[in-house]
Amino acid sequence: MLVTGGNRGIGLAIARAFQEQGDSVAVTHRGSGAPDGLFGVQCDVTSTDDVDRAFGEIEEHHGPVEVLVSNAGITRDGLLMRMRDEDFTDVVDANLTAAYRVAKRATAKMVRARSGRMIFVSSVVGLLGSAGQTNYAASKAGLVGLARSIARELGSRNITANVVAPGFVTTDMTAELPEARQKEILGQVPLGRYASAEEIAGVARFLASDAAGYITGAVVPVDGGLGMGH
Ligand code: NDP
């Protein structure tokens, strides 16, 4: 299985969760190297050539990718009025177009195997919206359309495509938020705390398991109740 952006944060927790159950796990990194015990491939997911080369290396080392977790993502927050075009297009490229790139590259082998699992890491804000994150929320909402279209296109080949929509998770990404904003967010979370990366990983592992064989096109919130109703 492959986790993009599996060198740290939520992606690393997902990689470890699959590794724990004995799977062959590959992660992408952008020069940091692979974490201990994981097979790492250098890959910037905004480059189709990088994605193709990375899949080639994984296929040589582990065989075809049977479970794909598209997790790599960035934020570049700012108010709409002041947003630069490249802040929008770069975020869409890294969060949405990259998911299309890896899904496309994984598809031929999954179709041949008549089996495959694709999991896209979106965000609660994809459906809820978020002031100051038009670029990020649009990219994360786009993943829902991508996954659901894949679910329809490839369902007959026994390939599932699902979305995990985390709320706020303790990682480098959220550590950047000002303390006042963090407090404000927690005030809106029924469970009153952030998620751990492991709580996201557990859901990704479930969606790849035999128990989830009949789940496709689903958006699974892991957000402490923050996005209820959306
Ligand atoms: P981090 O910022 O901790 O890690 C981001 C990961 O994505 C890193 O591994 C990073 O690699 C990788 N990445 C970013 N851009 C690229 C690229 N162009 N090519 C390859 N890898 C790239 O983020 P999180 O772990 O918090 O987030 C993981 C995912 O979960 C993201 O998609 C995020 O949007 C989503 N999410 C996070 C939430 C949170 O509260 N933290 C909430 C909801 C969703 P590198 O180390 O090289 O920078």
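At what angle do helix 3 and helix 5 pack, and how far apart are their axes? The points below take up this question after the basis of the model.

1. Basis of the note. This is a predicted model, in which local features need pLDDT of at least 70, side-chain atom pairs count only at pLDDT 80 or more, and totals for chains, interfaces and linings use all residues. Residues are numbered from 1 along each chain as its sequence is written.

2. Confidence. The predictor's confidence in each residue is given as pLDDT, from 0 to 100. For the protein its mean is 97, and 100% of the residues reach 70 or more. Helices (H or I, at least four residues) and strands (E, at least two) are DSSP runs, numbered from the N terminus. The model scores are ipTM 0.99 and pTM 0.97.

3. Helix 3 with helix 5. Helix 3 and helix 5 (residues 134–154) pack at an angle of about 15°, with their axes 8 Å apart. Axes are lines fitted to C-alpha atoms, for helices over the stretch in contact, and angles run from 0 to 180 degrees between N-to-C directions. The two helices are therefore roughly parallel to each other (under 35 degrees; over 145 is roughly antiparallel, 65 to 115 roughly perpendicular and the rest oblique). Residues in contact (C-beta atoms, placed from the backbone, within 7 Å) include Phe88, Val92 and Leu96 in helix 3 and Tyr136, Leu143 and Leu146 in helix 5. By class, this contact has 14 nonpolar, 5 polar and 2 charged residues. Ala, Val, Leu, Ile, Met, Phe, Trp, Tyr, Cys and Pro count as nonpolar, Asp, Glu, Lys and Arg as charged, and the others, Gly among them, as polar.

4. Helix 2 with helix 3. Helix 2 (residues 48–62) packs on helix 3 (residues 85–113) at about 40°, with the axes 10 Å apart. That angle makes helix 2 oblique to helix 3. Thr48, Val51, Asp52 and Phe55 of helix 2 make the contact with Arg101, Val102 and Arg105 of helix 3. These residues divide into 3 nonpolar, 1 polar and 3 charged.

5. Helix 1 with helix 8. The angle between helix 1 and helix 8 (residues 197–207) is about 50°, and their axes are 8 Å apart. The two are therefore oblique to each other. Helix 1 passes helix 8 in a right-handed crossing.

6. Ligand. The ligand is surrounded by 29 residues, and the closest are Gly5, Gly9, Arg30, Gly73 and Thr171. A residue counts as near if its C-beta atom, placed from the backbone, lies within 6 Å. Helix 1 (9–20), strand 2 (26–29) and helix 6 each give two or more residues to this shell. The shell divides into 11 nonpolar, 14 polar and 4 charged residues.

Terms used
Two residues are in contact if their C-beta atoms, placed from the backbone, lie within 7 Å. A crossing is left-handed if the near helix is turned anticlockwise from the far one by less than a right angle, and right-handed if clockwise.
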